[in-house]
Amino acid sequence: MPRGHHSRRGAREACSVPLLLGTCLSLMVTASPGTASDSPPDYHGFNEGRFLPYLNADGSDLTRPPRLGLSFGGRVIPAVMDSGSTGIVVAADLIPDWQSLPSTGEGRITYTSSGRIMRGQWVTTPVTIEGADGASISTSPLPVLAVTEVDCLDTARDCTPSDDPHGIAMIGIGFAREHDAQAQGTPDKNPFLNLKPHEGRSLRKGYILTQQGAHVGLTAANTEGSFRFVKLARQEKVDDWAGIPGCISINGQTPPACGTMLVDSGVAAMFVTLPPAQAGDNEGSLPPGTTVSLQVGPAEQAQDLYSFSADDGASSLAPSAIHLRVSPSRVFVNTSLHILNGFDVLYDADGGYAGFRQR
């Protein structure tokens with residue numbers, strides 16, 4: 001992992017590395033607004049980490065949400081690994097004797113991409129999460145949402161209400177989700193950040209999402225390579241890091257619109273909120289052939305990450321669909337899971353960094 005100073009000139013060279021047909025990228029190191037340091041974090045000395053291959057990984061491009069095994073001491077349940085939410089959310093009937101477990105009260109998590117509202121009880125229990133090869137991690141006891149009811153937002157895209165839900169299993173590992181209808185999605189509910197400690201091991205809380213699996217715990221070994229980092233700010237009223245700063249441009253329009261970026265492994269479609277100056281008359285979707293360019297970092301330091309054309313089936317970075325909302329007051333882009341076809345994405349919960357490693 002590089003440790004020296006990274007040239008600002010080199011970081012600004014857009015599209016310097018060809019990645020896929022119709023796609024180009026440039027990686028960067030940047031610091032949070034108001035700081036001058038661009039030194040990357042040092043993971044030497046940390047040795048607690050486990051790689052969990054996805055249950056549905058087959059060596060090809062990722063087109064559907066990745067899955068891992070989830071267990072409460074009994075059978076293993078296939079569950080979606082979702083970096084767009086925080087907290088394990090499971091139909092109550094999948095948790096053995098859930099009503100006898102300690103409870104911290106009523107719970108609610110809303111998935112704004114689909115419009116589903118999960119309601120139930122936060123019950124406290126240790127969990128085990130398994131990969132396809134049998135590798136596993138175990139957590140300390142943490143709150144798990146035992147879902148007893150599903151409601152739908154008025155604007156729901158994919159939702160069926162139920163007062164007897166079955167088959168729900170989500171492993172939410174995201175951060176900075178509290179202000180997106182997930183007020184209860186705090187870091188104490190993130191299983192990847194609440195590992196059961198092992199004596200003699202040194203843990204750096206965080207993870208790396210790849211096309212084929214997830215590294216849980218950051219180590220000197222799994223962070224090797226050309227990672228480039230962006231420093232995250234702290235949220236003001238929540239004990240969590242803020243979202244990844246990022247910018248988006250449609251058809252090369254300048255200046256780009258800057259706000260926050262979410263790497264969401266739980267959806268195949270991209271969700272974008274843009275001001276009229278960038279969105280134009282394209283409320284709802286973007287026409288085929290539209291060029292979408294993403295940058296990472298705060299506005300004054302943002303650098304090119306990758307570009308693609310809407311509905312470009314030749315690029316594995318292009319999402320399955322793009323849902324566009326026009327707003328004069330918010331800029332937001334949910335990249336979809338397709339970003340993992342070109343980058344390994346790191347989250348450092350202890351140091352407050354996001355990182356992108358080109359493959």
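Author: Strands are DSSP runs of E of at least two residues, numbered from the N terminus. In this predicted model, Glu149 has its place in strand β11, which covers residues 142-152.

Reader: Why does Glu149 count as partly exposed?

Author: Buried means under 20% relative accessible area and exposed means over 50%, with partly exposed in between; Glu149 has a relative accessibility of 31%, so the label partly exposed applies.

Reader: Which residues gather with Glu149 in the patch of negative charge on the surface?

Author: Asp93, Asp163 and Asp164 gather there with Glu149, and members of such a patch must have over 30% relative accessible area, a condition that Glu149 meets at 31%.

Reader: How many aromatic pairs are there by the rule, and what makes the pair of Phe175 and Tyr347 stacked?

Author: The count comes to 9 aromatic pairs. Ring centres must lie within 6.5 Å, and planes under 30 degrees apart count as stacked; the centres of Phe175 and Tyr347 are 3.9 Å apart and their planes stand at 5 degrees, so this pair is stacked. Because Phe175 lies in the loop between β12 and β13 while Tyr347 belongs to strand β23, the pair ties together parts that are 172 residues apart in sequence. Both Phe175 and Tyr347 are buried.

Reader: What makes the pair of Phe192 and Tyr207 edge-to-face?

Author: Planes over 60 degrees apart count as edge-to-face, and for Phe192 and Tyr207 the angle between the planes is 70 degrees, with 5.7 Å centre to centre. Phe192 sits in the loop between β12 and β13 and Tyr207 in strand β13, 15 residues apart, and both Phe192 and Tyr207 are buried.

Terms used:
Residues are numbered from 1 along each chain as its sequence is written. This is a predicted model: local features need pLDDT of at least 70, side-chain atom pairs count only at pLDDT 80 or more; totals for chains, interfaces and linings use all residues. Side-chain values use heavy atoms; hydrogens and water are left out. Patches are made of residues with over 30% relative accessible area and no salt bridge: like charges are joined within 9 Å, nonpolar side chains (Val, Leu, Ile, Met, Phe, Trp, Tyr) within 5 Å. Accessible areas come from the Shrake-Rupley method with a 1.4 Å probe; for residues, only the protein chains shown count as cover. A salt bridge is a side-chain nitrogen of Lys or Arg within 4 Å of a carboxyl oxygen of Asp or Glu. Lys and Arg count as positive and Asp and Glu as negative; His and the chain ends are not counted. The place of a charge is taken as NZ of Lys, CZ of Arg, CG of Asp or CD of Glu. Helices (H or I, at least four residues) and strands (E, at least two) are DSSP runs, numbered from the N terminus. Buried means under 20% relative accessible area, exposed over 50%, partly exposed in between (1.4 Å probe, protein chains only). Rings of Phe, Tyr and Trp (its six-membered ring) pair if their centres lie within 6.5 Å; planes under 30 degrees apart count as stacked, over 60 as edge-to-face and the rest as tilted.
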